[in-house]
Amino acid sequence: MMDLSKFNIDAPRWDQSTFMGRLKHFFNITDPRTVGVSNANLDKAKDLVDRCRAGTLPPGTTKEQLLYAKKLYDSAFHPDSGDRMNLIGRMSFQVPGGMAITGFMLQFYRTVPAVVFWQWVNQSFNALVNYTNRNAASPISAKQIGVAYFTATSTALATAVGLNLYTKKAPPLLARWVPFVAVAAANCVNIPMMRQQEIISGIAVTDENENKLGESRIAAVKGITQVVISRVTMAAPGMIILPILMERLEKYPFMQRIKYLHGPLQVMLVGCFLIFMVPAACSLFPQRCSMATSKLDPELKESITTMYGDKVKYVYFNKGL
């Protein structure tokens, strides 16, 4: 029996300083199969993780059991608060949730009512994902959540409806790309607005040993910017390449005979893209983000220098997902 008394359950299984290491990590925790795990089993996984941290593992526990418990814990519990995240907001739900919504956005793009409905559904989904994966150390009020949701939804609808009307006389392919432009524009609004408290008050930063040093607004902007880039990248391949594919396929007679299957087909194909793009996009930047102390807010930089001199070269923070 392997000695697990010194097993570090919080240490990443793969090197998080490299893209490939992060990719393996996110393939593991965004596995859509974990969506079907019951809350009772998730709580058991959390209990095993907590007992490992406390050094009180049950006799007979194997390394495989610990690694699986860590996988469930990382996929379902918030890294800051340790609270179980709502099912729809988890990154492991991005594939089943995102493939359905994106597939129907790409299918029903021709009429204004359909565009309005599916953009509203998508922004409601995104708002929940953004709130769930925020930096939990920065609380946000119900009013701020409402303003963020309204602003992002309005941006998406205005972009989608405006471009939908503008492209009526344009080549058909341009009209098919309208949903992506709307999604990208909304992400640039939704994520910063949903996490506005971090920009206003700053995000908690620590030294390499997790000792809190203060709050930084500049670090918050850096983290949120990286999240926006990741989310747009996540959606881009499916929403750009799939319209080109469908535009060509729909010209074939057999596709004309099965128009009722176009929607389900796009949902399935979007799922194929997202299976790879969700972990790939999450891996673009380290989740534990770093920043040189010299680039921090002047008052925080001065505070750190006063207390530690030049010993703290870099600070670290959770950028969220």
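Buried means under 20% relative accessible area, exposed over 50% and partly exposed in between, with a 1.4 Å probe and protein chains only. Helices (H or I, at least four residues) and strands (E, at least two) are DSSP runs numbered from the N terminus.

The model is predicted: local features need pLDDT of at least 70, side-chain atom pairs count only at pLDDT 80 or more, and totals for chains, interfaces and linings use all residues. Residues are numbered from 1 along each chain as its sequence is written, and side-chain values use heavy atoms, leaving out hydrogens and water.

**Exercise 1.** Find the buried residues of helix 1 (residues 19–29), and say what covers them.

Solution. 
- Step 1: Gly21, Arg22, Leu23, His25, Phe26, Asn28 and Ile29 are buried in helix 1.
- Step 2: Look for contacts, meaning heavy atoms within 4.5 Å. The cover of these residues includes helix 3 (63–76) and helix 12 (262–282).

**Exercise 2.** Describe helix 5 (residues 112–132): its span, its buried residues and their cover.

Solution. 
- Step 1: Helix 5 has 21 residues. The expected span is 1.5 Å times one less than the number of residues. From first C-alpha to last, helix 5 reaches 30 Å, close to the 30 Å expected.
- Step 2: Its buried residues include Ala114, Trp118, Asn122, Phe125 and Val129.
- Step 3: Helix 4 (94–107), helix 6 (142–166), helix 8 and helix 10 are among the elements that cover the buried residues of helix 5.

**Exercise 3.** Describe the packing of helix 5 against helix 6.

Solution. 
- Step 1: Two packed helices are described by the angle between their axes and the distance between the axes. Axes are lines fitted to C-alpha atoms, for helices over the stretch in contact, and angles run from 0 to 180 degrees between N-to-C directions.
- Step 2: The angle is about 145°, and the axes lie 9 Å apart.
- Step 3: The crossing is right-handed.
- Step 4: Residues in contact include Val115, Gln119 and Ala127 of helix 5, and Tyr149, Ala156 and Val161 of helix 6.
- Step 5: By class, this contact has 14 nonpolar, 5 polar and no charged residues. Ala, Val, Leu, Ile, Met, Phe, Trp, Tyr, Cys and Pro count as nonpolar, Asp, Glu, Lys and Arg as charged, and the others, Gly among them, as polar.

**Exercise 4.** Is Pro243 buried or exposed, and what does Pro243 contact?

Solution. 
- Step 1: Pro243 belongs to helix 10.
- Step 2: Pro243 is buried, with a relative accessible area of 2%.
- Step 3: Leaving aside neighbours within four places in sequence, Pro243 contacts Leu106, Leu173, Arg176, Trp177 and Gly238.

**Exercise 5.** Where is Glu210, and what is its phi?

Solution. 
- Step 1: Glu210 is in the loop between strand 1 (203–206) and strand 2 (212–216).
- Step 2: Its phi is positive, about 70°, although Glu210 is not a glycine.
- Step 3: Glu210 counts as exposed, at 52% relative accessibility.

How values were computed
Left-handed = near helix turned anticlockwise from the far one by under 90°.
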